[in-house]
Amino acid sequence: MSREANEISSAPITPRPATVAPQAQVSCPPSQYNSPSLSRSPLLDGASDQQPGAEGAVVAKAPKTPLAIRTPRMSLTPRFITPLGSPVRKALKMTRLDPQDAWLPITESRNGNKYYAAFHTLCSGIGIQALVLPVAFTVLGWAWGIILLTLGFIWQLYTLWLLVHLHENVETGMRYSRYMQLFSFTHGDKIANWLGLFPIMYLSGGTCVALIVIGGSTSKLFYEIVCPTCTSKPLTTVEWYLVFTCAAVVLSLLPNLNSIAGVSLIGAITAIGYCTLIWVTSVAEGRLPGVSYDPIRADTQIARVFGVLNAIGIIAFAFRGHNLILEIQATMPSSEKHPSHVPMWRGVKVSYTLIAVCLFPLAIGGYWAYGHLIPANGGMLPALYQYHSKDVSQSILGLTSLFVVINAACSFQIYGMPMFDDTESKYTRRMKKPVPWWLRCISRAMFGFGVFFFAVAIPFLGSVAGLIGGISLPVTFVYPCFMWMKIHKPKKYSPMWCLNYSLGVLGMILSGFMIAAGLYVVIDTGIKVQFFKPH
């Protein structure tokens, strides 16, 4: 240290004559809604000796000496883009940044774009549950099946549009990067914990359990198709679950949501691939002998009512991924001039166009090919193997199975990301620092094998899927409508008020009927409880 520096360090601290900007003006502007690329410089940059204050006053900076007080160079510290006292700032207040966002996997990287949004949305929005759509047509028939599928698609697309535009609140300058965060803001923590926590967590964790079951069982089927003679000592179903889980855990070690964009792209391509292969092959092979399109009618009136409700539930459950939309949008940079909802909605439009191209041919073509003969448990996939295993090339069957396995492994990553985020947030809140890489690997491996344990220990979880699905249905069809009304407060009886209120109430009534139908099915058919004995 030089002599001059020593003299400065020993001198008493004296007040600076320069004008200092008030502390209240040091806040994050709404012009930058959490863009990491603009948040890597200190709050008060030391590139120049002076900078303008809030009202044009000159703010003098301390000399660059060893004792000069400077803002630490942290990646969480925002950089000012426009004057602090601008009218827009005062009108929109100040953007609130949660320092933990830069440490958590959902918001760790905000360099996403419309292509990433399309990959994630398509991978999360289409899945194996779409193959069961023809089962709903066996109860509803041609006309009502197509009508309700179309109305359900339009309804969920509208609530998707609401969520995309609710992500950024221009009045408070906040970004709601998680579904639960937005729900808590609009309805309070107590109501959010009661009505939102379980269905949102189930749509993530429960879907991961189902993906292990689907991926493990289809892996076994793929192995039998590719190597039918390699059966001297085949792996058991549980062992195939474990093989699939290990592959999913390895992929889950990717750090954040943006880093799995390539994985989501592969998942989207394979989802479109197996959906197209299944319905094209089924239609090309023609209708089965003795196919009937007469709607199935139960013996009693109450059984008929619940049968119709179950069919509506199958259509409603085919639309998924709404619990991930805010998280996907959170990976994008946003500003006042370039809000994130613009590229996000472009990506959503492309992805849901492809989803519609998959869902409608699956439902219509599958019902045309199999009619009432389609298996109620599994739909199109078991129908393909059951009726066409000898007519169709083994390479087609093997490729279809491979696509299902790859898609399940890729979907596991995006549906597990909210669980990873929630787990790591508990550490960051307590320790006030990011999760170390080794602890992140351990926690994700524990989650993956914990889900594997549930898939093996509770194989009858699918028997109560209708009941739990009824509880989760408002996340897709109801809550976005009420959250939009809470934030935007439309005039009572205005068109938007009537539309959102009607859809919200109708969705809650439908959810109640779904829960009742699920209970009826459980009571009427019973549940074969077999722990640690997967099929």
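Start by selecting Lys432, in the loop between α13 (394–431) and α14 (437–457); helices here are DSSP runs of H or I with at least four residues, numbered from the N terminus. The model is predicted, with local features needing pLDDT of at least 70 and side-chain atom pairs pLDDT 80 or more, while totals for chains, interfaces and linings use all residues. Residues are numbered from 1 along each chain as its sequence is written, and side-chain values use heavy atoms, leaving out hydrogens and water.

Now look at the backbone of Lys432: phi is near 60 degrees, a positive value in a residue other than glycine. Most residues other than glycine have a negative phi. Lys432 is exposed, with a relative accessible area of 60% (exposed means over 50%, using a 1.4 Å probe and protein chains only).

Next, select α5 (residues 179–187) and α16 (residues 479–488), whose axes come within 9 Å and cross at roughly 50 degrees. The axes are lines fitted to C-alpha atoms over the stretch in contact, and angles run from 0 to 180 degrees between N-to-C directions.

Finally, step to Lys489, in the loop between α16 and α17 (495–525). Lys489 is not a glycine, yet has a positive phi of about 50 degrees. Lys489 also counts as exposed, at 63% relative accessibility.

Terms used: Helices (H or I, at least four residues) and strands (E, at least two) are DSSP runs, numbered from the N terminus. Buried means under 20% relative accessible area, exposed over 50%, partly exposed in between (1.4 Å probe, protein chains only).
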